[in-house]
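Please work through the exercises below with the sequence and the coordinates open beside you. Each task sentence is followed by a solution that goes step by step.

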Amino acid sequence: MPDVRRIDPNVVDTARDTGIPVDDVELAVELAGIALDNPITTASGCFASGAEIDRFYDVTELGAVVVKSITLEPREGLPTPRMAETPSGMLNAIGLQNPGIDAWLERDLPWLQGRGAKVIASLAGKSVEEYREVARRLRGRGAVVGLEVNLSCPNVEHRGLVFACSPDQSAQVVAAVAEEADVPVFAKLTSDVTDIVTVARSVTDAGADGLTLINTLLGMSIDPETGRPRLSNVYGGLSGPAIRPVAVRNVHQVATALPDVPIIGCGGVRTVADVVEFTRAGATAVAVGTSTFVDPFVGQTLVAELRSWLARRGIRTITELRGKVVA
Amino acid sequence: MMRRGFVQGRSEADTPVRAICEVMARRREGAYWQLSFSSPEIADRARPGQFVEIAVGSPGALLRRPFSIARVSRQGAFASTVDVVFDAHGPGTEWLTSLDVHDLVDVVGPLGTAFPLPQRKVSCLLIGGGYGAAPMYFLADELARQGLRADMIIGAASQERILSAIEAKRISASVTFTTEDGTLGERGRVTDVLEDVARSCRTGVVYACGPNPMLRAVSERCRELELPVQVAVEEHMACGVGVCFTCVMPVRAKDGRVRMKRSCIEGPVFNGARIAWDETRWRNEPDVLDDEPDEQPVQRLTDAELWGEG
Ligand SMILES: Cc1cc2nc3c(=O)[nH]c(=O)nc-3n(C[C@H](O)[C@H](O)[C@H](O)COP(=O)(O)OP(=O)(O)OC[C@H]3O[C@@H](n4cnc5c(N)ncnc54)[C@H](O)[C@@H]3O)c2cc1C
Ligand SMILES: Cc1cc2nc3c(=O)[nH]c(=O)nc-3n(C[C@H](O)[C@H](O)[C@H](O)COP(=O)(O)O)c2cc1C
Ligand code: FES
């Protein structure tokens, strides 16, 4: 008898079916005024332009597509090796390889728009003015329903310090983007700070309509034999199931402190159970990153399985679970 | 729920699928292991040079492992099979050796670009290093089907790391073995014999797969000999499907600029002459080529003539 569990770590749904018809379940959510058919989105940098996964399934089945962070100029990124596997996760140092805003607007966005996808555009930059300029060029683009400000970039004007580590500088970037934006703005924060609630407050005061929590955690891996760092860039971002408890904690902390701010939960989402966990912690939507590398179909599978998970338990809308943590 | 025969993906013939495949055979091949699993969907779509991503169950392993398709059999009695050959050296490949016949493996494929086949009747030289010889058997089959002559150079550190020597003899017009310790064939590297073999076989095009330093050496030697060369590279891959940008190779575009191309989706097969080897992380490898060739090989075709490129 083949042992199927050996090859799929997915959680088996053991609930006894006492529920409602699957068709009675409503997955739609409202995210800072954006209407999404379901709460499953992609994590920036983990879905390329969208077309790559559309070979496998129709990407418009997802609530929204969050695209790879776009910068003003095209970027070739860092040298290889750019990744290293770690227990339950991976480290990456890509260096924001992207075609630049103009090429993205010309080539990638029309494709997403043609497919009918809801697009959340992630933007990055080295200076406040660069973020502002990218945001300006994203104005009035039909398919773009939201902007996500990736604050995990070093600020060239400020000793190379990462924007997200400073509440003030994060706020400056978000204020600049919010001035230009004609759609809701999400600030994507890192957990590598003393107090994420302080940063969250600072960026929402500066005009962020919502938050994405969290970006990767800074990590390092060294080959014990050669003594060399496994990434050419030495340090890299840790993602995957390994960071999920940290992400859930951050979502819960921020949702508790700022209950009216919509949150996209992100970090190690793989199964429906993880989606529910983030929702209970206070997230309105979830973003799936590293799991797509393991299973290109994971987004589609989550949408389908979330509906039946809720139906089996007699839950009619996913929003009923939001913020429900039992003391 | 996962079950035997489970396939996920669009039905179009050129799109990869995810399939739960049954292991049909697992055996030693010298220093390597060979695994055959049944998947009509992957077997029917696969072309030489492409690879599969296999989910491994070893503790702490999250990411799939990429393996070149070594051969497909499309006429199996009840299921077509796909073969991979691998070197067991880390947790993922070790885990694969623990699979038994009838176990299930979760496979995504076929992925990546295939070797372009010559549009003219030229004789082909297939160079494989270590387990990199695996896709060369698949390619040799395909070339034979097209009525093209295929010669082989198979190189490795030692005899037991030469993959399927008998198979190589069966399938090719001629085969030259090189081992670094001299236990089989010529002592040395594939590049040491490349020029002689290319001249005596009237080679018109070269295909190579193996460790990247070898591919670099082969590409450089082919440039000197003005032989077109297609190589299948290996780069660490997190996704294998084009979404993560971990697997990039510096490739010179037609405008002369070097761009980081994803080797999982824009490769793993690249025109060897286009790779900017100096900008890869193997730049510190010793240069295995030092002597200049004294004579040009007989057949010379431009890229455009061969592959129809502009
Ligand atoms: C397109 C392609 C085709 C390949 N074909 C074959 C094949 O036919 N036979 C074979 O034996 N090996 C092949 N490899 C290399 C093979 O994927 C690695 O040896 C294997 O992933 C190692 O996994 P591990 O857990 O045993 O080792 P570990 O070294 O512990 O792996 C850790 C991580 O590093 C990555 N990694 C390690 N070595 C390599 C490598 N050489 N290339 C790419 N990633 C690596 C792994 O995928 C994994 O994510 C191929 C690689 C690529 C990119
Ligand atoms: C290869 C890779 C590239 C990433 N690129 C970006 C990026 O361009 N912009 C960004 O905001 N986050 C980027 N991230 C972070 C993810 O969006 C996400 O926040 C993080 O990986 C945690 O989620 P996960 O565990 O589901 O992957 C990247 C992550 C990975 C693994
Ligand atoms: S391995 Fe992810 S883009 Fe190539």
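Helices and strands are DSSP runs numbered from the N terminus, a helix having at least four residues and a strand at least two. The model is a predicted one.

**Exercise 1.** Describe the peptide bond from B:Gly109 to B:Pro110, and state which element holds B:Pro110.

Solution. The bond from B:Gly109 to B:Pro110 is cis, and its omega is near -10°. As for the setting, B:Pro110 belongs to strand S8 of chain B, which spans residues 104-111.

**Exercise 2.** Examine the backbone of B:His102, B:Ser164 and B:Gly147, giving the phi of each.

Solution. Begin with the background that most residues other than glycine have a negative phi. B:His102, although not a glycine, has a positive phi of about 85°; the residue is found in the loop between helix H2 (91-97) and S8 of chain B. Because its relative accessibility is 47%, B:His102 counts as partly exposed, the class that lies between the 20% and 50% cut-offs. Turning to B:Ser164, which is likewise not a glycine, phi is positive and near 40°, and the residue lies in the loop between strand S10 (150-156) and helix H4 (165-171) of chain B.

**Exercise 3.** Determine how many residues of helix H3 of chain B are buried, and name them.

Solution. Helix H3 of chain B covers residues 134-145, and nine of its 12 residues are buried, so the helix is largely enclosed by the rest of the structure. The buried residues are B:Ala134, B:Pro135, B:Met136, B:Tyr137, B:Phe138, B:Leu139, B:Ala140, B:Glu142 and B:Leu143.

**Exercise 4.** Decide whether helix H5 of chain A is mostly covered or mostly open, and find what covers its buried residues.

Solution. Helix H5 of chain A, residues 196-205, is mostly covered, with seven of its 10 residues buried. These are A:Ile196, A:Val197, A:Val199, A:Ala200, A:Ser202, A:Val203 and A:Thr204. In chain A, the cover over the buried residues of H5(A) includes helix H4 (167-180) and helix H6 (244-257), together with strand S9 (185-189) and strand S10 (210-213).

**Exercise 5.** Is A:Ser221 buried or exposed, and which residues does it contact beyond its sequence neighbours?

Solution. A:Ser221 is located in the loop between strand S11 (217-220) and strand S12 (235-239) of chain A. Its relative accessible area is 14%, and therefore A:Ser221 is buried, the cut-off being under 20%. When neighbours within four places in sequence are set aside, A:Ser221 is in contact with A:Leu91, A:Arg228, A:Pro229 and A:Arg230.

**Exercise 6.** Characterise chain A and chain B as whole chains.

Solution. Chain A has nine helices and 14 strands, while chain B has seven helices and 17 strands. For chain A, a compact globule of 327 residues would have a radius of gyration near 20 Å, and the value of 19 Å agrees with this. Its C-alpha atoms fill a box of roughly 60 × 50 × 45 Å along the principal axes. Buried residues make up 58% of the 327 residues in chain A, and 60% of the 310 residues of chain B. Among contacts with a separation of 6 or more, residues 24 or more positions apart account for 71% in chain A and for 66% in chain B.

**Exercise 7.** Describe the contact between chain B and chain A by its residues and its buried area.

Solution. The contact draws 45 residues from chain B and 43 residues from chain A. About 3800 Å² is buried between the two chains, with carbon and sulfur atoms giving 61% of that area. On the side of chain B, B:Arg10, B:Leu62 and B:Val243 supply 19% of the area that chain B buries against chain A, more than any other three residues.

Notes:
Residues are numbered from 1 along each chain as its sequence is written. Chains are lettered from A and ligands numbered from 1 in the order in which they are written. This is a predicted model: local features need pLDDT of at least 70, side-chain atom pairs count only at pLDDT 80 or more; totals for chains, interfaces and linings use all residues. Side-chain values use heavy atoms; hydrogens and water are left out. The radius of gyration is taken over C-alpha atoms; the globule rule is 2.2 Å times the number of residues to the power 0.38. Buried means under 20% relative accessible area, exposed over 50%, partly exposed in between (1.4 Å probe, protein chains only). Contact means heavy atoms within 4.5 Å. Buried area is the accessible area (1.4 Å probe) that two parts lose on being put together, summed over both.
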